[in-house]
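This briefing goes through one protein model by topic, from its overall make-up to single contacts. Please keep the sequence and the 3D view at hand while reading.

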Amino acid sequence: MKKSVTLAVLLIIAIFFVPAASAQSNAQPENAAPLRSQSINGSTGLYSIPSGGIGWENAGKFGLDAGYRSIINNDNGISHIPAITISLFKWAEISSAFDIQPDINIAGENQKNSDLVLGLKIKLPTNTKNVKNPVIALGGNFQFININNDNNGYNAYQPYIAVTYIGSFFNMSAETTVVFGKTLYSGGPDNDWNFDFGMGFDLILFPDVFGSAVHWIIDFANFGYSDNSWANSLHPHTGSAWNRGNVNTGIRVNLAAIPAFSRFKFALDLAFNDLLDDGARSFTAGVVFGFAVK
């Protein structure tokens, strides 16, 4: 109960206090650059799914984002995920995330359960002449599941295409992302003919009140941020997305809307993971800080 109260207080502070401070900025949301923050696995995106953009698209030839997230599951404990994302020449991105999951006790023995996720994304030149065109990226991630576990370790590889396009919802700016891909395996589960699909929205909430500071993000996918995303029971196909898909939703606060931070990327995530499934339902709190070099 105490944990739930604390998380509720943090959410209230993020929604009301921080946007009020950002109101000092005169920039209008429709003129502001899109918010390009990390997904949980380090690639630029929403929560579980990558987006068509890269971390730094409009400023400098090199950008660096560093993030940390904790995924809190009342039944199974807390996973800690530090991540780094590097943007190169406004069209390429390299990412990495180390998912430090709690050990799992099997037959009286604690077994390692942590994962390493590496990502690569190439942004296609679809919107260089018209920023209203969809942003499209080809990418892939390489997942080393249950590293340092001799019995249950395996690798997963996920090539994908991500398309992000701008629209509006009740006069609020909204970005829609659609992802289509395929997960392949080595050293573990058998390959099959299942395909990966995800869809999500990044909506700027009440821009007349909050400016571009508060984003509501929701995504749904039949895959998680990794093949064995937390919470799981260590074995393949026990991540939350394998049951009925994975719904994530929450608030992403763009602290860079505050003038003092405007030269940087500074984002706060407060979200619910796998919201519809009992047992897998978790809470994520995280922060991302980044900068670009011309």
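**Strand pairing and overall make-up**

S12 and strand S13 (residues 246-254) pair in the antiparallel sense over 8 bridges, where two strands count as paired if DSSP finds at least two bridges between them. The model is a predicted one, in which local features need pLDDT of at least 70 and side-chain atom pairs count only at pLDDT 80 or more, whereas totals for chains, interfaces and linings use all residues. Residues are numbered from 1 along each chain as its sequence is written, and side-chain values use heavy atoms, with hydrogens and water left out.

**Strands and totals**

- The protein holds 3 helices and 15 strands; helices (H or I, at least four residues) and strands (E, at least two) are DSSP runs, numbered from the N terminus.
- Strand S11 (residues 196-204) runs antiparallel to strand S12 (residues 214-221), and 7 bridges join them.
- Within these pairings, Ile204 has His215 in S12 as its bridge partner, and Ile218 stands opposite Thr249 in S13.
- Of the 294 residues of the protein, 50% count as buried, where buried means under 20% relative accessible area, exposed over 50%, and partly exposed in between (1.4 Å probe, protein chains only).
- Among contacts with a separation of 6 or more, 58% are between residues 24 or more positions apart, a contact being heavy atoms within 4.5 Å.
- The protein exposes about 14100 Å², of which carbon and sulfur atoms supply 64%; accessible areas come from the Shrake-Rupley method with a 1.4 Å probe, and for residues only the protein chains shown count as cover.

**Nonpolar core**

- The largest nonpolar core has 12 residues, among them Met172, Leu203, Leu205, Phe210, Val214 and Ile251; such a core is a set of buried Ala, Val, Leu, Ile, Met, Phe, Trp, Tyr and Cys residues joined through side-chain atoms within 4.5 Å.
- Strand S9 (172-181) and S13 each supply at least two residues of this core.
- Leaving aside its neighbours within four places in sequence, Leu205 is in contact with Met172, Phe210, Val214, Trp216 and Ile251.
- In soluble globular proteins, nonpolar side chains tend to be buried together.

**Nonpolar surface patch**

- Leu138, Ile161, Tyr165, Phe180, Trp193, Phe195, Phe197, Met199 and Phe201 form a nonpolar patch on the surface, and together they have about 920 Å² of accessible area. Patches are made of residues with over 30% relative accessible area and no salt bridge, with like charges joined within 9 Å and nonpolar side chains (Val, Leu, Ile, Met, Phe, Trp, Tyr) within 5 Å.
- Strand S8 (154-169) and S11 each supply at least two residues of the patch, and the largest share, 3 residues, comes from S11.
- Phe195 lies in the loop between strand S10 (184-186) and S11, and Phe195 is partly exposed, with a relative accessible area of 42%.

**Surroundings of Ile71**

- Ile71 lies in strand S1 (residues 62-73) and is buried, with a relative accessible area of 0%.
- Not counting residues up to four places away in sequence, Ile71 touches residues including Ile40, Ile81, Tyr225, Trp230 and Phe283.
- Ile71 and Ile81 are 10 residues apart in sequence, with their C-alpha atoms 8.1 Å apart in space.

**Salt bridges**

- A search of the whole structure finds 8 salt bridges, each being a side-chain nitrogen of Lys or Arg within 4 Å of a carboxyl oxygen of Asp or Glu.
- Asp65 forms a salt bridge with Lys265, with the closest N and O atoms 2.8 Å apart. Because Asp65 lies in strand S1 and Lys265 in strand S14 (residues 265-273), this pair ties together parts that are 200 residues apart in sequence.
- Both partners are buried, Asp65 with a relative accessible area of 1% and Lys265 with 7%.
- Asp277 and Arg244 meet through their side chains in a salt bridge (2.7 Å, N to O). This pair links distant parts of the chain, 33 residues apart, with Asp277 in the loop between S14 and strand S15 (282-293) and Arg244 in helix H3 (residues 241-244).
- Asp277 counts as buried at 8% relative accessibility, whereas Arg244 counts as exposed at 58%.
- The side chains of Asp269 and Arg252 also form a salt bridge (2.7 Å, N to O). Asp269 lies in strand S14 and Arg252 in strand S13, so the pair ties together parts that are 17 residues apart in sequence.
- Asp269 counts as buried at 2% relative accessibility, and Arg252 is buried with a relative accessible area of 1%.
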